[in-house]
Amino acid sequence: MDQKLNYNQPWILQRADPFVCKDDNWYYFTASVPQYDAIVLRRSKTLYGLKDAEEKVLWKKHESGPMSEHIWAPELHYTFGKWHIYFAGGEKEDVWHIRPYVLECKGEDPFEDEWEELGPMLPAPEDEFSFRAFSLDATTFEVKNEVYMIWAEKVGVGKQISNLYIAKMAKANQLETVQVLLTTPDYDWERVGFWVNEGPGLIRRGEHLYITFSASETGVDYCVGMLSAKEGSDLLDPLSWKKERYPVLKSDEKAGIYGPGHNSFVKDEEGRDIMVYHARTETKIEGNPLYNPNRHAFLMPVIWEDDKPVFSYENT
């Protein structure tokens with residue numbers, strides 16, 4: 001089957017916050033499951049093959065206490081010489097006490113080998129702010145032998161604002177530096193329903209770094225914004241980053257795609273950059289959008305214009 005025929009159409013059903021990565025042998029896929037109760041993983045020799053690949057439960061939520069509710073947005077990363085999964089979880093006693101946690105694989109095979117809990121992400125010793133409030137969507141990346149983390153965290157009172165922060169990492173479950181504010185919801189398209197920046201994902205092109213992120217509530221107004229920086233710049237300096245004035249991807253009635261967001265990036269077998277994102281195919285959402293299961297994983301090829309990524313439902 002020609003993979004191109006399936007771009008910007010539901011690819012893996014009812015899998016939100018999709019994350020895909022690859023090593024020398026396999027593509028791996030993980031995502032939030034509708035029950036928010038477990039971390040799952042698929043693998044395939046091809047990107048498109050993930051659609052029908054076996055899905056294995058690597059870890060299940062606790063019965064109570066930390067990591068016992070709202071298991072969200074797992075990401076699989078090879079950092080500090082081992083495979084790690086970063087995810088967010090709440091507590092049955094306080095379901096909105098959402099914090100990022102870390103699993104570590106005891107072996108080199110993330111699909112077959114055993115996983116153990118490293119516990120919560122920890123701030124740098126002198127950091128009085130990171131992970132103290134509702135925080136989630138942690139992603140990691142390496143630039144010039146330094147490992148960074150970007151995550152979303154709420155601040156303020158009333159309808160709290162979700163910002164994105166960046167810091168260097170000391171080890172798999174602890175930051176090395178104090179958090180730096182990367183972006184806050186500045187514009188109207190980031191403030192629909194809730195003032196939200198979340199779901200960061202990194203794509204590179206030469207010396208250019210691009211961070212996509214998601215904004216607004218999780219219904220049809222959910223959309224994707226973007227930041228950019230040069231690889232050689234000080235990534236902990238907010239002035240190194242430029243934020244796009246308008247969303248780079250949003251709902252499109254003609255395409256029949258609504259609320260695109262929380263994406264990751266991977267290269268296909270031919271070396272093309274692919275955006276993996278979730279979206280809905282209906283405008284009317286039954287019940288609370290957060291608990292409606294019909295956010296599906298989609299694939300979109302990235303088009304490069306002057307070393308800048310372009311995201312379009314017409315990309316093939």
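View 1. Glu 112 is partly exposed, with a relative accessible area of 47%, where buried means under 20% relative accessible area, exposed over 50%, and partly exposed in between (1.4 Å probe, protein chains only). This is a predicted model, in which local features need pLDDT of at least 70 and side-chain atom pairs count only at pLDDT 80 or more, while totals for chains, interfaces and linings use all residues. Residues are numbered from 1 along each chain as its sequence is written, and side-chain values use heavy atoms, with hydrogens and water left out. The side chain of Glu 112 meets that of Arg 43 in a salt bridge (3.3 Å, N to O), a term for a side-chain nitrogen of Lys or Arg within 4 Å of a carboxyl oxygen of Asp or Glu. Arg 43 belongs to strand S3 (residues 38-44) and Glu 112 to the loop between strands S7 (94-105) and S8 (115-120), so the pair ties together parts that are 69 residues apart in sequence; strands (E, at least two residues) are DSSP runs, numbered from the N terminus. Arg 43 counts as buried, at 18% relative accessibility, and a network of salt bridges links Arg 43, Lys 56, Asp 109 and Glu 112.

**View 2. The salt bridge between Asp 268 and Arg 272.** The closest N and O atoms of this pair are 2.6 Å apart. Asp 268 is buried at 5% relative accessibility, whereas Arg 272 is partly exposed at 27%.

View 3. Strands S1 and S2 (residues 27-32) pair in the antiparallel sense over five bridges, pairing here requiring at least two bridges found by DSSP. Cys 21 stands opposite Tyr 28 in S2.

Key:
Helix = DSSP H or I, 4+ residues; strand = E, 2+ residues; numbered from the N terminus.
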